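Dear colleague,

Please read them with the model open beside you.

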Amino acid sequence: MADIIYTLGTGVYVNITNKCPCNCAFCIRSKKDAIGSASNLWFDTEPIFDDIKREIEGFDFANCKEVVFCGYGEPTNAYDNLVNSALLIKKRYPDIKLRLNTNGLSDLINGKPTAKELSRIFDCISISLNQPTSEKYDLLTRNIFKGKAFDAVLDFTRECVKYCKNVRMTVVDVISKEDIEASRKLVKSLGADFKVRSYEKGR
């Protein structure tokens with residue numbers, strides 16, 4: 001079984017699936033089998049909720065201020081497990097902040113609106129924008145929803161901003177300075193915060 005909970009720096013991360021509709025050119029999972037304290041983040045079999053629950057119940061969350069749902073897959077690809085796991089942590093550790101790192105494609109993945117529910121569970125939602133245009137986004141992310149994905153990410157972000165106080169969109173510093181600035185302007189128009197992530201640091 002792969003690691004479900006791991007640490008990276010001072011953060012605690014929850015890895016609940018390896019499924020993802022994207023195959024990003026820069027994705028760290030194509031370079032190595034694990035990051036942080038994890039020895040392996042690749043599942044032989046996708047975990048069920050009982051597997052995740054057992055790991056949560058057995059982990060020492062003392063001094064933990066934030067739990068991030070982010071691993072070697074898109075968390076919303078395991079939507080029910082994501083929601084149930086987050087609610088379990090929220091119930092057991094109400095003082096811990098919850099963050100979702102997502103590609104923003106949850107509505108397309110699940111075939112239903114999801115932003116409102118997720119925004120009411122998570123204290124912070126971090127959405128990967130990656131590029132400022134649909135064409136560049138598709139080229140970089142190599143997603144399965146080509147032509148639809150970029151607009152879906154923007155729509156998801158707009159909905160999250162309505163219901164969650166802390167929404168940010170990110171790009172990785174592998175793209176040009178011009179595209180970073182164009183992304184910054186786009187994110188500002190959506191009402192979200194903007195962050196440039198370091199490829200070298202992995203966060």
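Below is what was found, taken from the start of the chain onwards.

This is a predicted model, in which local features need pLDDT of at least 70 and side-chain atom pairs count only at pLDDT 80 or more, while totals for chains, interfaces and linings use all residues. Residues are numbered from 1 along each chain as its sequence is written, and side-chain values use heavy atoms, with hydrogens and water left out.

Strand S1 (residues 5-8) and strand S2 (residues 11-14) run antiparallel and are joined by 4 bridges (strands, E, are DSSP runs of at least two residues and helices, H or I, of at least four, numbered from the N terminus; two strands pair if DSSP finds at least two bridges between them). In their hairpin, which has 2 residues between the strands, glycine 9 takes a positive phi near 65 degrees.

From S2, Gly11 and Tyr13 point one way and Val12 and Val14 the other, and all are buried (under 20% relative accessible area, with exposed over 50% and partly exposed in between, for a 1.4 Å probe and protein chains only). S2 also runs parallel to strand S3 (residues 66-69), joined by 3 bridges, and valine 14 stands opposite phenylalanine 69 in S3.

Further along, strand S6 (residues 167-172) pairs with strand S7 (residues 193-197) in the parallel sense over 5 bridges, where threonine 170 has lysine 195 in S7 as its bridge partner.

Ser134, Tyr137 and Asp138 in H5 meet Ala149, Phe150 and Val153 in H6, contact meaning heavy atoms within 4.5 Å.
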